[in-house]
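Here is a short note to keep beside you while you look around for the first time. Please follow the points in order, with the view open.

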Amino acid sequence: MWLSMENTKVQCCGSLGVAMNLEEVLLANALWVSERANPFFILQRRKGHGKGGGITGLLVGTLDVVLDSSARVAPYRILHQTGDSQLFWSIACGSSRKEITEHWEWLEANLLQTLSTFDNDDDITTFVKGKIQGIIAEENKGRQTQEDEDCGKFREAELKMRKLFGMPEEEKLVNYYSCSYWKGRVPRQGWLYLSVNHLCFYSFLLGKEVTLVVQWTDVTQLDKNDTLLFPESIHVNTRDTEHYFSMFLNINDTFKLMEQLANIAMRQLLDNESFSADHSLPKPCKTLRNVSALKRDLDARAKNERYRALFRLTQDERLDGHTDCTLWTPFAKMHVVGQMFVSNNYICFASREEDLCQLIIPLREVSIVEKADSSSVLPSPLSISTKNKMTFLFANLKDRDFLVQRISDFLQRTPDSPSTPPALPPTPPVLGMGELPQGRHYSSSLPTAKNSLLHIYQKDLPEDLGPKATKEKMKEESWNIHFFEFGRGVCMYRTSKTRDLVLKGIPESLRGELWLLFSGAQNEMAAYPGYYAELVEQAMGRCTLATEEIERDLHRSMPEHHAFQNEMGIAALRRVLTAYAARNPGIGYCQAMNIVTSVLLLYCTEEEAFWLLVALCERMLPDYYNTRVVGALVDQGVFEELTRECLPLLYEHMQDLGVISTISLSWFLTLFLSVMPFDSAVLLVDCFFYEGIKVIFQFADKCDFHSATSRYLDNVVNKQTVSPPIPHLHALLTSGDEPPPEIDIFELIKTSYEKFGSLRADVIEQMRFKQRLKVIQSLEDTAKRSVVRAVMTESAFTIEELEELYVLFKAKHIMSCYWGASSTAAERHDPSLPYLEQYRIDCGQFSQLFTTLAPWNCGLHTISLAARLFRLLDHNKDSLINFKEFITGLSGMYHGDMTEKLKLLYKLHLPPGLNAISGVSDSCRILKHELSTITTIFLSWAGNGKGFLKKCFSCITECFIVVFSEEKVKDYKYYLRMWAKEKEPKKETIKDLPRMNQEQFIELCKTLYNMFSEDPLEQELYHAIATVASLLLRIGEVGKKFTNNGSKKSDLQPLAGEVNPQPDKEDSSGEAGSAQSLVSKALAEAQLETPPQPTNGSDEEAKDDTSISSYSVVSTGSLQCEDIADDTVLIGCGGGVAGAGCGGDCRRGSAVDADWSISFEQVLASLLTEPALVNYFEKKHDIRNKMAVCKTQRAVERQISSSSDHELAHLT
């Protein structure tokens, strides 16, 4: 790559080269070795690269790694010199000898002759610099549009990472850091490379190289430690190893990035969401030094997540920026210091002091944004007015003009009317449609569309004037006063007084409104009106797996409450749950959602309850209600960790009893609604919607040991409730002789805040991250054990071998998620499926595993053999196989006896293994015939005109009904027979195998020839297979003769290479010769390398290093079966070498006999006559060595990729 004349680096790099600036060089030989020279140019290699160099080379290589100069200094360069001048110009560099040699040869071919015509050295230098500058400008012209904002140094580091660790171009580097890796007790200084999918480390100190590659999906623990042995270190654990890194310049920044990348990997394992870069990020105004676009992307994602979690905003909200400011609070008559956040739909404020003040202003509510007059008391003020006549005054804004412009831009994009609803999900698969009810399933006239269930069932009750009702009125009045001071609705000031009112209990008349406000569901419902009604119409009336589960649980949802003892409440609950299952098929429906939703319907309308459920499942309780309740398990682990830290004695006692995980899961899934009386639990839900998950942790820690061993929670009562008493089923089912004393819920909540109120949201998120690694990896281990148990009875592999094979199989699937494949990863991984079906691989990935793990090495023919085995194992023809099918194929090759191995090999050369097209069913041929009939009728009617369309349509319909009804009946009976056969212990016998024709037999011979090519006894095996092939050919001819009753065939084509055929021979002899020629040709084509054609009849000239020197080579043109000697190898007289699947085109001049065939019994009997073949197929193979090679395959690739060109030349 040519170098730039500019003072700054050219921000470009090729696939091999590294770009530098064209600069003056004073000491040309310092740290460099000259390898070529001419009167104008010198080619140099940097010491420490390649062989040689001695102690100086070791020191230079060490310095390059430690100081990161290797990312900036290429190992090869070309200098320009003139005359006796001591000044040199660096004009080209390269990362490999091949690249720098190309540059050198271009210079010699294009510049040397021109430069020799100049008389002045200064003119030569000026010409060279101008020429190189022109080349660089021309190259950068086409590259300018594609170049991203990554700085040149960073791209050079990414190139170095790919070279050191053998990564493809799809693997993107996020950032790299200088640090020490502790190998034993010795720190190795080097560089830590953090890519999207891998953690890599490289160190080279005084000739000792350390290379480490860890996949993020293998990480089980990631901690930041500060111990005496490892001060300020990061601890990375996998299932098998642990690693320590220390001496970071900024350990917090490094650890946060590692957390993000590990989280992305866990998300990939959980629901197969691989990382995709955000290309809509705004471009930086200038190139950031040493910061990649991916790093900016991840930083922006982290800020967005914190922003959305702080203000309970939707997942599509993106933070545009934030700035320090002050907010005038009219209720306190003071300015509050904090930060203003601006995003595409909201302006938010959070005070620096927690809980002092928080504000959310939707842009849809903003009417005026204006700059007020500045003063010494109120510098740079900004006034924002809303449509409900509220005004907010911000001050001390650093860049007020820019901020006003950004807000104005967002306001212009904000529509006056509500936003377009999100796209409705695709129609779920229908299990049974039945009759759809007439009319709409949901309308605004429904009682539950206007009012909550409590309002509907309590409106006719007489007014209660007792002390409880009076206290409820006082709560309502307190909230009305709060609304008057702090505002009402989305733009309300949220302060510590708001929290105090929530802790005292929200009045039942305001509960639904405030739940919507605090959860953020009100914003989403206002943004998408009508979405719920459309979703209900789409989802209702369809029978899916989710709706079946919903129907089973409908009458188990608060059956003790009168609102759900009739069809109105049940129908509303059905609509909300079904609508959400259609909105989010990834979750669908999970048990416990019915309990939470029924409580929401008591205080909200249907649409409000739906959006509250969306906020719960997708924001406030992430991953709680998926198929494996991962979120609840994670928070259960956080609860155990908090119990261990805050209540160590209680934790030890509960661990001994093993009850923590048993009792706490339902707490998190139902927010205590299933284990506490309803009137008490709903107060906890009030606090949850305002504070978030920390309330559940606080309350869970307050529930001491008695709650686990007695009916403690059953007797937590709310003495202030005004609702009629509701029986608590859990208490009724567990009642004893002496009920324990009652506990006031308000005292319990107050105590939990006093003892554990210091728990912060960021601490919870940090603990969640640790537990998420443990939970997801534990679930993966559970899946592995379940799969191994399912296949171990059908395989002779040991449990350890099956577990290692499962890891390799799963790794192939994950690699497809990293770097792409022929089919999307989502099609191959469905977490809702049984463990055995979750991971599947395609043909390409299977071929890679087969090449490494299979005991049959067929050279170039291996890929073809792998494709045949894949088609044989792919029973459902979806071009994907699961782990059980994969093990079935391997087990037959490793642990079958000779008959089973030969049977597998035999089946690989029959349909569907040999040819996928040959497996066309009879029904398809029938369908083709029917379509042909339809076409004929169509053409005959086309001229009549009258009634043409009606007749044509009815005829086509009748034909298709007949064809497909017959096909369905056939498939139904076929699957019933298959199911019956699976239940039978009877196995497939050799008599069940179909006969093999001549073309398939030729392919079998080619496969066997390639299998023996690297065996120590290959000469004996070649002789044995030649003998067996000849014997089988004669057997096939004899069988054909008996089948045809001795009739002669006159239509056989003569052999292309046959010379002077004898007229007195029988036709069968000619056929045998033809068949023999085909086999001979096939064996010749199957050779790994084709020997050169013999000239002048000399066998010596036909031999090369790969030919079988001890065998005589004869032409198949005149060879007969009886001419085969003991030391003869058959080759063809044609020159071409064909691949494994080339069919008839590869055997020009020879005709395949369609009547010729042999059975498996004949193949087996023939092979048993040769001891060499018997020993070969009875030989046992150990798959552990193959698995070890498969594990180290990437390390070998890295080693080769980092080798010098000199070493590679010797290898080739």
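1. Glu618 and Arg583 meet in a salt bridge, with N and O 3.0 Å apart. Glu618 belongs to helix H19 and Arg583 to helix H17 (residues 567-583), so this contact ties together parts that are 35 residues apart in sequence. Please keep in mind throughout that this is a predicted model.

2. How buried or exposed are the two partners? Glu618 has a relative accessibility of 22% and counts as partly exposed. Arg583, at 18%, counts as buried, because the cut-off for buried is under 20%. In general, side chains of opposite charge can pair when their charged atoms come close.

3. Now look along helix H19 itself, which covers residues 606-620. With 15 residues at 1.5 Å a residue, H19 should span 21 Å, and its end C-alpha atoms are 20 Å apart, which agrees. Of these 15 residues, 12 are buried, so the helix is largely enclosed by the rest of the structure. Among the buried ones are Phe610, Trp611, Leu612, Leu613 and Val614.

4. Asp781 sits in helix H28 (residues 761-792), while Arg239 is in the loop between strand E11 (233-238) and strand E12 (242-246), so the bridge ties together parts that are 542 residues apart in sequence. Arg239 is partly exposed, with a relative accessible area of 35%.

5. Glu1003 and Lys1006 are both buried.

6. Which residues form a positive one? Lys224, Lys256, Lys303 and Arg306 do. Arg306 is in helix H7 (residues 293-311), and with a relative accessible area of 54% it is exposed. A patch of negative charge gathers Asp119, Asp121, Asp122 and Asp123. Asp123 is found in helix H4 (residues 121-143); its relative accessibility is 38%, so Asp123 counts as partly exposed.

7. Staying with helix H7, please find Ala302, which is placed there. At 15% relative accessibility, Ala302 counts as buried. The C-alpha atoms of Ala302 and Lys256 are separated by 9.4 Å, although the two residues are 46 apart along the chain. Lys256 is one of the residues of the positive patch in point 6.

8. Another pair to locate is Ile347 and Pro362. These residues are 15 apart in sequence and 6.4 Å apart in space, C-alpha to C-alpha. Ile347 lies in strand E15 (residues 346-351) and is buried, with a relative accessible area of 1%.

9. Finally, two backbone angles deserve a look. Arg312 has a phi near 55°, a positive value in a residue other than glycine. Arg312 is in the loop between H7 and strand E13 (319-329) and, at 16% relative accessibility, counts as buried. Leu671 likewise has a positive phi, near 55°, and is not a glycine. Where is Leu671 found? Leu671 lies in the loop between helix H22 (660-670) and helix H23 (678-691), and its relative accessible area of 3% makes it buried.

Definitions and conventions
Residues are numbered from 1 along each chain as its sequence is written. This is a predicted model: local features need pLDDT of at least 70, side-chain atom pairs count only at pLDDT 80 or more; totals for chains, interfaces and linings use all residues. Side-chain values use heavy atoms; hydrogens and water are left out. Patches are made of residues with over 30% relative accessible area and no salt bridge: like charges are joined within 9 Å, nonpolar side chains (Val, Leu, Ile, Met, Phe, Trp, Tyr) within 5 Å. Accessible areas come from the Shrake-Rupley method with a 1.4 Å probe; for residues, only the protein chains shown count as cover. A salt bridge is a side-chain nitrogen of Lys or Arg within 4 Å of a carboxyl oxygen of Asp or Glu. Lys and Arg count as positive and Asp and Glu as negative; His and the chain ends are not counted. The place of a charge is taken as NZ of Lys, CZ of Arg, CG of Asp or CD of Glu. Helices (H or I, at least four residues) and strands (E, at least two) are DSSP runs, numbered from the N terminus. Buried means under 20% relative accessible area, exposed over 50%, partly exposed in between (1.4 Å probe, protein chains only). The expected span of a helix is 1.5 Å times one less than its number of residues.
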